Amino acid sequence: MPYSAWFRQPVVENTNARIHYDSTHIQINSSKSMREYQKIVLTIYNKKAEKLAMHYAYYNRNSEITTFNARILDDRGKTVLKLKKADIIDVSASGNNDVTDSRLQYAEMNRAKYPMHLELEYEKVYKKGFYSIPPWTPQEALKVQVDQSIYVVNYPKTMPLIPLNNCLRATNFRKSNK
């Protein structure tokens, strides 16, 4: 569906933001190689949801951010503002008194003009192994309407995938080994 069609759809009353499309694709190649790609298209309707305009990706010495893009779009889906390399802030992800190798790349795409339409994407490559796959969190704030959220994990048939919780029963979960 073209972005302009998404942006014209009716909104549930008292909605602060709407996630039109949230897609996470995980490609596990081996126990030492994984690729994570995420793309989100959303509309922020007011200041209460402005934190969703923060685009971020964590990484460490075992991973690398290979793609980090963000765009502000107009009502027709045309680019109004595109993230520049200088807009990306890279900081330590240490919190409080923690000492860690983890880092965070982020950019704030907030123009404080509502509604604000955003397209956010990143790709992370795990080079030296991975501990777990990222969690599925299609809604991170209150009063956010989610139209479509997709989470796909492709993995070798020889590697078992073991979900740690039973939340998948409430979704349209489909498992297929390829």
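Me: Hi! Where does leucine 118 sit?
Reply: Hello! Leucine 118 is in strand S8. Strands (E, at least two residues) and helices (H or I, at least four) are DSSP runs, numbered from the N terminus.

Me: Before we go on, what kind of model is this?
Reply: This is a predicted model, where local features need pLDDT of at least 70, side-chain atom pairs count only at pLDDT 80 or more, and totals for chains, interfaces and linings use all residues. Residues are numbered from 1 along each chain as its sequence is written, and side-chain values use heavy atoms, with hydrogens and water left out.

Me: And what is pLDDT?
Reply: pLDDT is the predictor's confidence in each residue, from 0 to 100. The protein chain has a mean of 85, and 84% of its residues reach 70 or more.

Me: Which element has the highest confidence, and which the lowest?
Reply: Strand S8 (residues 116-126) is highest at 95, while helix H1 (residues 3-7) is lowest at a mean of 87. Where pLDDT is low, the predicted coordinates should not be read in detail.

Me: Back to leucine 118. Is it buried or exposed?
Reply: Leucine 118 counts as buried because its relative accessibility is 0%. Buried means under 20% relative accessible area, exposed means over 50%, and partly exposed is in between (1.4 Å probe, protein chains only).

Me: What is leucine 118 in contact with?
Reply: Setting aside neighbours within four places in sequence, its contacts include Ile40, Leu42, Leu52, Ile72 and Met109. Contact means heavy atoms within 4.5 Å. Leucine 118 and aspartate 74 are 44 residues apart in sequence, with 8.9 Å between their C-alpha atoms.

Me: How many salt bridges does the structure hold?
Reply: Eight salt bridges. One of them joins the side chains of arginine 18 and aspartate 147 (2.7 Å, N to O). That pair links distant parts of the chain, 129 residues apart: arginine 18 is in strand S1 (residues 17-30), and aspartate 147 is in the loop between S9 and strand S10 (149-154).

Me: How accessible are those two?
Reply: Arginine 18 is buried, with a relative accessible area of 4%, whereas aspartate 147 is partly exposed at 32%.

Me: What about lysine 124, which residue does its side chain meet?
Reply: Lysine 124 forms a salt bridge with glutamate 36 (3.9 Å, N to O). Lysine 124 lies in strand S8 and glutamate 36 in strand S2 (residues 33-44), so the pair ties together parts that are 88 residues apart in sequence. Both lysine 124 and glutamate 36 are buried. There is also a network: salt bridges that share partners join Lys39, Arg71 and Glu119.

Me: New topic: where is phenylalanine 130?
Reply: Phenylalanine 130 lies in the loop between S8 and strand S9 (144-146). This residue counts as partly exposed because its relative accessibility is 21%. Leaving out residues up to four places away in sequence, phenylalanine 130 touches Ile28, Ser30, Ser31, Ser33, Met34 and Met159.

Technical notes
A salt bridge is a side-chain nitrogen of Lys or Arg within 4 Å of a carboxyl oxygen of Asp or Glu.
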